[in-house]
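Subject: Handover of a structure, with findings

Dear colleague,

Please find below the structure that I am handing over to you, together with its sequence. My findings follow it, arranged by region.

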Amino acid sequence: MDVIRTEAEKSFLSQSEQPALTGPSWLEDLQSTARTEFETLGLPNRRVEEWKYTDLRALVKEAYQPAKSSDVSKAQVDELLGAELAGLDSYRLVFVDGQLSDALSDFEGCSGLEVLSLKAALEGDVSWVKEIGSVQQTGRDAVQALNLLMMQGGAAIRLAEKTEVNKPLQLIFVSAVEGPSSVASRLYFEIGAAAKVEIIESHLSLNDQATQTNVVAELNVSDWARVRHVKFTQDHADSVHLSNVIGRLGKETDYGLFQVTLDGGITRNQVEIRYDGDDAKADISGAALLNGKSHADLTLVMDHAALGCESRELFKTVLNGEGRAVFQGKVIVQPGAQKTDGSMMSKALLLSDDAEFDSKPELEIYADDVLCGHGATTGQIDDELLFYLKARGISDKEARALLIQAFVGEALELIENDVVRDFLIERTVAWYEKD
Amino acid sequence: MAAVKETIDHVKEIDVDKYKYGFSTDIEMVKAPKGLSEDIVKFISAKKGEPEWMLEWRLDAYQRWLTMQEPEWAKVDYTKPDFQDLYYYAAPKSTEGPKSLDEVDPELLATYAKLGIPLKEQEVLAGVQGAKIAIDAVFDSVSVVTTFKDELAKAGVIFCSISEALKEHPELVKKYLGTVVPKSDNFYATLNSAVFSDGSFVYIPPGVKCPMELSTYFRINEQNTGQFERTLIIADKGSYVSYLEGCTAPMRDENQLHAAVVELIALEDAEIKYSTVQNWYPGDKDGKGGVYNFVTKRGDCRGNNSKISWTQVETGSAVTWKYPSCILRGDNSQGEFYSIAISNGKQQVDSGTKMIHLGKNTSSRIISKGISAGKSSNTYRGLVSAHKRASNARNFTQCDSLLIGDLCSAHTVPYIEANNSSATFEHEATTSKISDDQMFYAQARGLNEEEAVALIVNGFAREVIQKLPMEFMAETQRLIGISLEGSVG
């Protein structure tokens, strides 16, 4: 087969010749399938409908070398987190360049919570870990396939039935590399029936270096469980951040994911939620604030395959400079998934003429007794609102900041944890006060 | 839930075999041999006595078509036509210049009568009431009868078949043909460019408001004849025209391919209103034998302050693939798209629009109502984009889908691309079914189930129906009735 490969594709393939993590035979099978998959698909490009607006083949010119582990102190982590998150009473899982650091992490004292580094989980061939790679669907996503081949670190986390984790679980990904490097990691969550947990995931960079991150989080959420998940990314302007959150929801589960992206290079936040059990609920929302040449893509698939499920999405995007954002949200109602209630909203505020916003909210419906809708708006700051504020003696700059804050605030309000919400509000305020 | 149950039962009983307009007329055709080759393209061109440049244009399109792939992105599933198994040219025998309707083959006239197009009656009616509709009746490929030509000529309006226009006004055709839909635009448009048989040509001179609504009835006849119409409408500065297109087709077992191209050009301050009622044969209850409708329709608001408005009622065809679009090039230009798409049985519709904002202060409005019943699939696919220089571009889009029965599907795939901060785009889409409350309310007031559904569906699509010209409104309400007849409770 004659396939023209880019330099980046060639080096990804050669790097994946020797997977960083090997393990039992089921993993080898997965990796071999993934390899065929990546060989066939290559890096996603604009000819692939799901990647129409984020042409990785054109955007990713070279594949960085996998990161070597570096030393990071607790003080450095705290400084990166900022006072609010550092002070938050939580269980901590700190990943330095993808590797779970025993020294920096602290998750003792919660019965029913089990954490294994991905390496340990695979080497030990723990039975529940076998589900890794099973939540994602194979055969169509080259980035997910690449993750299986390249994954160096990450963790497998299990909550026993009815476990209510009493403090938030903070997952802190620190990039401490000294030069351009790549980090691929995978998280696997096995959430037991009726368990409750709050996950706060942040991706931060210590040395201001360009990184290529490929992170996949698989969540297997059992019946009646409740999960709150916040993910925050602030990357270097030359970074590539490819993220997948793939969830399978059981009966009457309640899953909430809120993702915040500030600037960065190329960010792709892909979310795939599959409703397997009846009457499950999911709220997938987020905010992106982009300046410079940042490119952020949010691609979402809500796949309703059960009765009476509910999905809610609200996304707010603010674009300045040459920022470019993409929103692709698809709600699928499978045949027989009656009484589905889906509503999706994406709003963008363009502050600059060089910014671009592309959105594609999709509905794919095969059942009749459903209530589904979506809305998408694009616009600039309302002159009348601006006038109203300025007429009351507020300066132009301040008035704009207030309006932006109000715009983003509508989404940020959805975050349940006060500390996290305040922290993110503060970060977004800092973003638009920067210029 | 009884009402729902009954609705489902009714859907199961769909009787599309009772297609009201299914019949065919035997008129001997002058055919080109089956299949497509450079010789066929030359044959068509020679048969029509076209100028040399036109032949070259066709041949160039043909060469490009050979290199193209049939598109597969649409959400439709069908047996691909065998392009070597089609006739590319068929003309009714009696085309040697009928001077009046009396000279037209009586069988042809009978066909029109069955279709409910009372040509003569309309002539008479128009004479009496002063409201005139000219009909450029297309029987298969060649225009047979063109009425009211004189009266239009008085206003300076040119309304004729495109082959005639090539003879009489070659400079106009050469200047505008292919400027909106380039000859290699897409697979089917390119095929059309190579082998188009006939179609309508309209030119409205500067400052003229066309004195009557122009109308073309398309009719697919003769087995295995793909129809490749080409319509070109030019509204010169400050002019106005309203154009109606309506279609029905006879029942046939083999799939009939229809790949038309419509090009609209609105110059400064001009306005074009293009309305379509499409009721081609949708196939039998297994979806067999219906028409494939792969149409490229595009309007170019070339001048400042120009306006193009598309209104469509889609009830027929087995497979529809149609995106009437507007290129809003001129400053302050406006584009509109109003659509009702009803699918039943095993019909597949993938339709929508593109609004491409290039000029300043351009605005567009999209209202799309999809009604999906039986085992059909109904997709809205649309694009709204604002160029960097299209400051103050404005769009409002509303896509509503109504599902009747649990075996049908409805999809919405809008693409919204904003490239400048002053563009204001709003898009909303909903999907729902007829609620039991609505049905109960209507039935409690004495309507039977069928009437109640018709009432609710008509209400659902009202915003679009209201945009239709008077002449089409009645036909549309009847069509909605026929389309849902016996299929929904």
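A residue is called buried here if 20 or more other C-beta atoms lie within 10 Å of its own, exposed if 12 or fewer do, and partly exposed in between. Please bear in mind throughout that this is a predicted model.

Strand 10 of chain A

By that criterion, strand 10 of chain A, residues 226–235, is mostly covered, with 7 of its 10 residues buried. Strand 10 of chain A has parallel pairings with two other strands. With strand 8 of chain A (residues 196–205), it runs parallel and is joined by 8 bridges. In this pairing, A:Lys231 of strand 10 stands opposite A:Glu201. With strand 12 of chain A (residues 254–263), the pairing is again in the parallel sense, and it extends over 10 bridges. Here A:Phe258 in strand 12 of chain A is the residue that A:Val230 stands opposite.

Two residues with positive phi

Two residues of chain A deserve a remark on their backbone. A:Ala194 is not a glycine, yet it has a positive phi of about 60°. A:Ala194 is located in the loop between strand 7 (181–191) and strand 8 of chain A. Is A:Ala194 partly exposed or buried? It has 17 C-beta neighbours inside 10 Å and therefore counts as partly exposed.

The other residue is A:Asp263, a residue other than glycine whose phi is positive and near 45°. A:Asp263 belongs to strand 12 of chain A. Because A:Asp263 has 24 C-beta neighbours inside 10 Å, it counts as buried.

Strand 18 of chain A

Strand 18 of chain A, residues 341–350, is also mostly covered: 8 of its 10 residues are buried. Strand 16 of chain A (residues 310–319) pairs with strand 18 of chain A in the parallel sense over 10 bridges. Within that pairing, A:Asp341 in strand 18 has A:Glu310 opposite. Strand 18 of chain A also runs parallel to strand 20 of chain A, and 9 bridges join the two. A:Leu349 has A:Gly379, in strand 20 of chain A, as its bridge partner.

The contact between chains A and B

Strand 20 of chain A leads on to the contact between the chains. How many residues does the contact take from chain A and from chain B? Each of the two contributes 30 residues. On the side of chain A that touches chain B, the elements giving two or more residues are strand 19 (356–365) and strand 20 (371–379) of chain A. Strand 19 of chain A supplies the largest share of that side, namely 10 residues. Sorted by class, the side of chain A that touches chain B comprises 13 nonpolar, 9 polar and 8 charged residues.

A pairing of strands also links the chains: strand 20 of chain A and strand 24 of chain B (residues 424–433) pair in the antiparallel sense over 7 bridges. There, A:Gly373 has B:Thr430 in strand 24 of chain B as its bridge partner.

Chain B as a whole

The secondary structure of chain B amounts to 13 helices and 24 strands. Chain B has 489 residues, of which 56% count as buried. Among its contacts with a separation of 6 or more, 85% are between residues 24 or more positions apart.

The largest nonpolar core has 239 residues, and B:Val202 and B:Ala235 touch the most other members. Leaving aside residues up to four places away in sequence, B:Ala235 touches several residues, including B:Ile204, B:Tyr240, B:Val241, B:Ile265 and B:Leu267.

Why is helix 9 of chain B largely enclosed by the rest of the structure? It is so because 8 of its 9 residues are buried. Among the buried residues are B:Tyr188, B:Leu191, B:Asn192 and B:Val195. The elements that cover them include helix 2 (38–47), helix 3 and strand 13 (291–301) of chain B.

Helix 3 (residues 52–66) and helix 9 (residues 187–195) of chain B pack at an angle of about 145°, and their axes are 7 Å apart. The crossing of these two helices of chain B is left-handed. From helix 3 of chain B, B:Arg58, B:Ala61, B:Tyr62, B:Arg64 and B:Trp65 meet B:Thr190, B:Leu191, B:Ser193 and B:Ala194 of helix 9 of chain B. The residues of this contact comprise 5 nonpolar, 2 polar and 2 charged.

With kind regards

Methods:
Residues are numbered from 1 along each chain as its sequence is written. Chains are lettered from A and ligands numbered from 1 in the order in which they are written. This is a predicted model: local features need pLDDT of at least 70, side-chain atom pairs count only at pLDDT 80 or more; totals for chains, interfaces and linings use all residues. Two residues are in contact if their C-beta atoms, placed from the backbone, lie within 7 Å. Helices (H or I, at least four residues) and strands (E, at least two) are DSSP runs, numbered from the N terminus. Ala, Val, Leu, Ile, Met, Phe, Trp, Tyr, Cys and Pro count as nonpolar, Asp, Glu, Lys and Arg as charged, and the others, Gly among them, as polar. Two strands pair if DSSP finds at least two bridges between them. Axes are lines fitted to C-alpha atoms, for helices over the stretch in contact, and angles run from 0 to 180 degrees between N-to-C directions. A crossing is left-handed if the near helix is turned anticlockwise from the far one by less than a right angle, and right-handed if clockwise. A nonpolar core is a set of buried Ala, Val, Leu, Ile, Met, Phe, Trp, Tyr and Cys residues joined through C-beta atoms within 7 Å.
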